[in-house]
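Please read it with the coordinates open.

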Amino acid sequence: MATGRFTTDLGNNFFGRNIVGRLIFINCIVFVFVELISIFLMLFNVPYNPIAEALSLHAWIPTFIVQPWTIITYMFMHGGLLHILFNMLWLYWFGNLFLNYFSSKHLRGLYILGGLCGGILYIISYNVFPYFELARMNAVMVGASASVLAIVVATAVREPEFPVQFMFIGTVRLKYVALFMVLFDLLFMTSSNAGGHIAHLGGAAAGFWFSMGLARGTDATKWINAVMDFFIRGFKFPKRKPKMKVHYGKHQEQYDYNARKKADEDEINRILEKLRKSGYGSLSEDEKKKLFDASRR
């Protein structure tokens, strides 16, 4: 029975419904694939992995121009087992907390937005500040940290007083967790991992931007989700709905149909307004089902 429950949870969280699990699964698949390529090349005494090079984000602008896709792929790459382990643990903990207040699409979009902002700030910093002049040509960056920090900060802005339990420390308010992480990155901007810390700050800014904007009715991830939905549909445009046929002499049936349609639209508008003001976690199961059914029409 316990084994069956574990298998079900694993399937739902890592291979099915949960967006956090899907992101973790993608990160792990990419990590294993790149590592296997590296091991294979090492067997032939080839220390250079062209796949890793082609997926990592370079600070040197001429290189980035040749490989623009790396602004996306780098956030699914990791430099070692401990690197991906800690990033995925943070994504699991705070990603599921995020879903209590926002939707799965918000998390998907914010993961990308946080990575984009982190990568852009990283490239700008390395090409603007003289401190990085000697390092910028060979500097590369990988990791989901900027995306994860965006999720942490967004949740902290939404629920700053949420208690977080830490081993050996005890209970800490979420706002202090986020603040500590941002201050830590500010203090280590000139360390050996300067690029990573700078990217974290970009991700934190994205999380703050998203959460504050959504509270005012503006979704910073809307355009990202629109682009992703377009590609997920496989460039298939929705079919035009056939025009409704009106049968004269059946006025009452037509009236009842329009009344039901108007009532359904009013109910969906009410649920969307509630979602905008209070987040996805405030919806009842019946409201979530109605919203899901409406999205499939």
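The points below cover the basis of the model, then charged pairs, aromatic rings, surface, hairpin and cysteines.

1. Basis. This is a predicted model, in which local features need pLDDT of at least 70 and side-chain atom pairs count only at pLDDT 80 or more, while totals for chains, interfaces and linings use all residues. Residues are numbered from 1 along each chain as its sequence is written, and side-chain values use heavy atoms, with hydrogens and water left out.

2. Salt bridges, total. How many salt bridges does a search of the whole structure find? The search returns 4. The criterion is a side-chain nitrogen of Lys or Arg within 4 Å of a carboxyl oxygen of Asp or Glu.

3. The D229 pair. D229 and R108 are joined by a salt bridge through their side chains, at 2.9 Å from N to O. Helices here are DSSP runs of H or I with at least four residues, strands are runs of E with at least two, and both are numbered from the N terminus. Are D229 and R108 buried or exposed? Both are buried, where buried means under 20% relative accessible area, exposed means over 50% and partly exposed lies in between (1.4 Å probe, protein chains only).

4. Other charged pairs. K175 and E161 form a salt bridge of 2.6 Å, N to O. It links distant parts of the chain, with K175 in helix α9 (residues 174-187) and E161 in the loop between α8 (145-158) and β3, 14 residues apart. K175 is partly exposed at 30% relative accessible area, and E161 is also partly exposed, at 41%. Salt bridges with shared partners also join K105, R108 and D229 into one network. A further salt bridge connects E159 to R158, whose closest N and O atoms are 2.6 Å apart. Here E159 has a relative accessible area of 24% and is partly exposed, as is R158 at 27%.

5. V227 lies in helix α11 (residues 222-232). Its C-alpha atom is 9.9 Å from that of G109, although V227 and G109 are 118 residues apart along the chain. V227 is partly exposed, at 40% relative accessible area.

6. Aromatic rings. The whole structure holds 13 aromatic pairs. One of them is F184 with F188: the ring centres are 4.6 Å apart and the planes stand at 35 degrees, so the pair is tilted. Rings of Phe, Tyr and Trp (its six-membered ring) pair if their centres lie within 6.5 Å, and planes under 30 degrees apart count as stacked, over 60 as edge-to-face and the rest as tilted. F184 is partly exposed at 36% relative accessibility, and F188 is partly exposed at 36%. Elsewhere, Y122, Y126, Y131 and F132 form one aromatic cluster.

7. Nonpolar patch. V32, L36, I39, F40, L43, F44, V46 and Y48 make a nonpolar surface patch of about 850 Å². Patches take residues with over 30% relative accessible area and no salt bridge; like charges are joined within 9 Å and nonpolar side chains (Val, Leu, Ile, Met, Phe, Trp, Tyr) within 5 Å. The areas come from the Shrake-Rupley method with a 1.4 Å probe, and for residues only the protein chains shown count as cover. V32 sits in helix α2 (residues 19-43) and is partly exposed at 43%.

8. Backbone at N45. N45 has a positive phi of about 60 degrees although it is not a glycine. Most residues other than glycine have a negative phi. N45 is in the loop between α2 and α3 (50-55) and is exposed, with a relative accessible area of 70%.

9. Strands β3 (residues 163-166) and β4 (residues 170-173) pair in the antiparallel sense over 4 bridges; pairing requires at least two DSSP bridges between two strands. V164 has V172 in β4 as its bridge partner. The hairpin has 3 residues between the strands, and F168 takes a positive phi near 70 degrees.

10. Cysteines. How many disulfides does a search of the whole structure find? It finds 0, with a disulfide taken as a pair of cysteine sulfur atoms within 2.5 Å. C28 is partly exposed at 32% relative accessibility, and C117 is partly exposed at 21%.
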